[in-house]
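Thanks for coming. I will take one structure and walk through its strands, pockets, cores and a few backbone details.

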Amino acid sequence: MKSSHVIILVITILCMNNGVISSPPEDPVKCTSKNTNCTITNSIGIFPDRSICEAGEVKYPGTEEELISIVATATKNNRKMKAATRYSHSIPKLACPDGKDGLLISTNNLNKVLRVDAEARTITVESGVTLRQIIAEAAEAGLALPYTPYWWGITIGGLMATGAHGSTLWDKGSAVHEYATEIRIVSPSGPEDGYAKVRVLTESDDDNQHLNAVRVSLGVLGVISRVTLKLEPMFKRSVTYLTKDDNDLGEELIRFGREHEFADVTWYPSQKKAVYRIDDRVPLNTSGNGSYHFLPFRPTLSATLAVVRSTEEVQEQTGDANGKCLGAKLITTTLAGTGYGLTNNGVFLGYPIVGFSNRMQSSGTCLDSMNDNLITACPWDSRIKGEFYHQTAFSVPLSLLKDFIKDVQALVELEPKALCGLEINNGILMRYVTASSAHLGKTEDAVDFDITYYRSKDPLNPRLYEDIIEEIEQIGLFKYGGLPHWGKNRNVGFIGAISKYGNSDKFIKIKEEYDSRGLFSSEWTDQVLGLNKEGLTIVKEGCALEGLCICSEDSHCAPKKGYFCRPGRIYEQAKVCSNREDHDLQQSKDEL
C-alpha cells in the first residue's frame with residue numbers, strides 16, 4: 001500500500017468521527033413500470049450466485065388487513081410470494097421468489113410501534129420496524145431490549161427470519177427471537193379461510209412447537225405481521241476493550257464469555273492479537289453518558305472508499321500481502337486509538353466508557369440523513385465503488401472451540417500473512433450464542449465466527465490466499481459441524497446444514513401445515529431445507545472461487561491463473577483452490 005493511500009485511509013476513518021451527512025441506501029426492490037417488472041437484491045447489490053432475481057410485482061401493505069388481502073389474492077392465484085425488508089441485509093437469496101411472476105411483499109410501510117406496555121415490560125411492533133426504532137421507543141419508556149445485533153438497520157421481521165443475534169451466554173442468550181412472547185403471522189390457506197390465515201402464537205400456548213418454528217422461519221412460513229418482545233428496566237453498561245496476544249485464546253474464550261454479560265472478542269490472527277470487549281451492567285448511578293457508534297457503520301466519503309477499494313484490487317492482482325498487512329495494522333491501530341466508536345459526552349479519553357444500554361448496544365449512522373448525492377454513503381453501498389465482499393459465519397460448540405482455534409492458528413503458522421485480508425475488514429468477530437428454543441436456532445452453546453473478506457468483481461478471479469480461507473470455512477462447517485448464520489454465508493455454508501438441526505423435521509411438518517403449496521418457498525429455500533435433492537452446489541467453471549461448490553476438479557478453481565483443486569494443509573478432507581508452489585508436485589503424484 002502506498003503511503004498516500006495509507007494517509008487517505010486514516011482520513012477516511014477519522015472523517016467517520018464527524019457528523020457527515022450520508023446518502024441512505026436505496027430500496028432493494030426496483031421496478032421498471034411503477035410496481036411491476038421488478039428485481040430485488042441485497043444490501044451489497046448482488047446475491048452469492050450473482051443471479052438477477054426477478055419478480056412480477058411488489059406490494060407495500062400498510063396494515064395487517066392489507067397484508068391479509070395481498071396474501072389471500074396471491075394464494076387464490078397460486079402465485080409465489082416473498083417478504084422483502086427495507087434494507088435487505090440477508091446476503092443469501094431468502095427474499096427471491098421463483099419465476100418472473102413472483103410477488104414481493106415489502107414491509108417498508110409496516111413500520112409502526114403499536115404499543116409499549118411499561119407495566120408488562122413489553123413492546124409490540126409491526127414487522128417492518130427497525131431495531132433502531134425498537135431500542136429508541138423502549139428507552140422512552142425506561143425499558144431496554146438487552147441483547148441485540150450491533151447493526152440497527154435490520155427489521156424485526158428480517159431479524160426473526162434469520163435468527164440474528166448479539167453476544168451473550170447469559171439469560172436466554174443473545175438471539176432476539178428468544179425474547180418474543182407473541183408473534184402474528186399471515187400464511188396461505190384455503191377458501192374456508194378466505195385464502196389467508198392469521199395465526200397468533202404466544203409463549204402461553206400449551207404447545208410451543210409452532211412458536212418455535214416461527215421464531216426462525218427463513219421466510220417460508222408466511223409474512224410476520226407483528227411481534228411482541230419482552231423488555232427489562234433500563235440499565236447502564238460499562239465497556240472496556242482489552243488487547244492481548246492470542247496464545248491462550250482457545251482457553252480464554254469460554255471463561256471470558258461466562259464472566260462478562262455482553263462479552264465479545266475480535267481476533268486478528270495474522271497479528272496474533274485478540275481484542276476482548278469487557279462489557280457488563282453497572283448501577284444506574286454510575287457516572288457516565290457514553291455512546292457507541294461503531295466507526296465502520298458511519299457515513300464514509302465515497303471518493304475515499306473508491307481509492308481504498310482500488311488499492312486492495314491492485315494488492316490482489318500483484319500478490320502484495322505486505323501491503324495488506326500494513327493496511328490491516330493501520331486500521332486496527334486507528335480503531336483502537338479512537339475507542340472503536342465509543343465516546344463519553346462525545347469524546348473518547350480512555351476506558352471504561354459507561355452509558356445507558358440503548359446508547360451502547362447498536363449503531364448504524366450511515367443510514368441517517370438527507371441524501372447528499374452519494375458524496376458519502378454506507379461503505380458497502382452498491383451504487384459506489386466501495387466494499388465488495390464475501391461473508392462466512394458459523395457457530396462452533398464451546399466443547400470444540402479450543403481445537404478449532406488451534407487449527408486456525410496452525411494455518412497462520414504456515415502462512416503468517418494469509419489473514420491480513422480479513423483484518424482489513426476488522427478481523428474475525430466472535431460472539432457468544434446459546435442453545436435456542438427455535439427449531440432452526442442454535443442447538444447448543446457456541447461461539448459464532450463472523451468472517452468478512454475480499455470478493456472480486458470478476459467471479460473467475462481467485463483471491464490472494466484463497467486456499468487458507470476456504471480451508472477455515474470447511475474446517476468450521478464440516479470438521480467441527482458448525483451451524484451457519486442463516487442471513488450470511490455463501491452456498492457452501494448451507495451444504496448439509498439442515499441435518500445438523502435435531503428439530504428440523506418438526507419445522508418441515510409445520511411448514512407443510514402453514515403453506516402446503518410452497519408459495520413462500522423457492523428452489524433455493526427447498527435446497528437449504530433438504531427438500532430439493534439437487535442440493536445447493538452449482539457446478540461450473542470457477543464455482544469454488546465464489547463458494548458455489550467445493551472443488552473436485554481443477555476447472556472449479558482457476559487453473560489458467562495457477563489455482564488448482566488440492567487437499568487442505570491441515571484438514572486433508574478439505575478441497576481448496578490453491579496456488580501453492582507444490583501444486584505441480586502434487587499433480588504429478590495424483591497422475592501417478
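Strand β3 (residues 53–59) and strand β5 (residues 103–106) pair in the parallel sense, over 3 bridges. Strands here are DSSP runs of E, at least two residues long, and helices are runs of H or I, at least four residues long, both numbered from the N terminus. Two strands pair if DSSP finds at least two bridges between them. One of the bridge partners in this pairing is L103 in β5, which sits across from E57.

Before going on, the ground rules. This is a predicted model, with local features needing pLDDT of at least 70 and side-chain atom pairs counted only at pLDDT 80 or more, while totals for chains, interfaces and linings use all residues. Residues are numbered from 1 along each chain as its sequence is written, and side-chain values use heavy atoms, with hydrogens and water left out.

Back to β3. It also pairs with β2, in the antiparallel sense and over 4 bridges. There, I40 stands opposite C53, and T39 stands opposite E54. How enclosed is β3 by the rest of the structure? Largely, because 5 of its 7 residues are buried. Buried means under 20% relative accessible area, exposed means over 50%, and partly exposed is in between, with a 1.4 Å probe and protein chains only.

Strand β1 (residues 29–33) and strand β2 (residues 36–40) run antiparallel and are joined by 4 bridges. They form a hairpin with 2 residues between them, and K34 in the turn has a positive phi of about 55°.

Next, the pockets. A pocket is an open set of points on a 1 Å grid over the protein atoms alone, where a 1.4 Å probe fits and protein lies on both sides within 12 Å along at least five of seven lines; lining residues have an atom within 4 Å of a point. Grid points are joined across faces, edges and corners, and a volume is the space filled by probe spheres set on the points.

The largest pocket holds about 280 Å³ of space. Its lining has 20 residues, and D49, K93, D98, E523 and W524 lie nearest the centre. β3 turns up again here: β3 and α14 (523–528) are the elements that give two or more residues to this lining. The largest share, 3 residues, comes from α14. By class, the lining has 7 nonpolar, 6 polar and 7 charged residues. In this scheme Ala, Val, Leu, Ile, Met, Phe, Trp, Tyr, Cys and Pro are nonpolar, Asp, Glu, Lys and Arg are charged, and the others, Gly among them, are polar.

The second largest pocket holds about 230 Å³. Among the residues that line it are E313, Y454, R463, L464 and Y563. Helix α7 (residues 302–318) gives the largest share, 3 residues. This lining divides into 4 nonpolar, 3 polar and 5 charged residues.

Now the cores. A nonpolar core is a set of buried Ala, Val, Leu, Ile, Met, Phe, Trp, Tyr and Cys residues joined through side-chain atoms within 4.5 Å. Which members of the largest core touch the most other members? They are I156, L218, L229 and L440, out of 78 residues. Leaving aside neighbours within four places in sequence, L229 is in contact (heavy atoms within 4.5 Å) with R121, T122, I123, I134, L145, I156, V176, Y179 and A180. Apart from this core lies another, of 41 residues, including L253, L464, I468 and I469. L464 is also one of the lining residues of the second largest pocket.

L253 gives a distance to quote: its C-alpha atom is separated by 42 Å from that of E513, 260 residues apart along the chain. E513 is found in helix α13 (residues 504–514), and it counts as partly exposed because its relative accessibility is 47%. Not counting residues up to four places away in sequence, E513 touches R199 and H210.

Last, the backbone details. A cis peptide bond joins Y351 and P352, with omega about -5°. P352 is in the loop between β18 (342–344) and β19 (353–356).

S88 is not a glycine, yet has a positive phi of about 50°. S88 lies in the loop between β4 (81–84) and β5, and is buried, at 7% relative accessible area.

L374, also not a glycine, has a positive phi of about 65°. Its place is in the loop between α9 (357–360) and β20 (376–377). At 23% relative accessibility, L374 counts as partly exposed.
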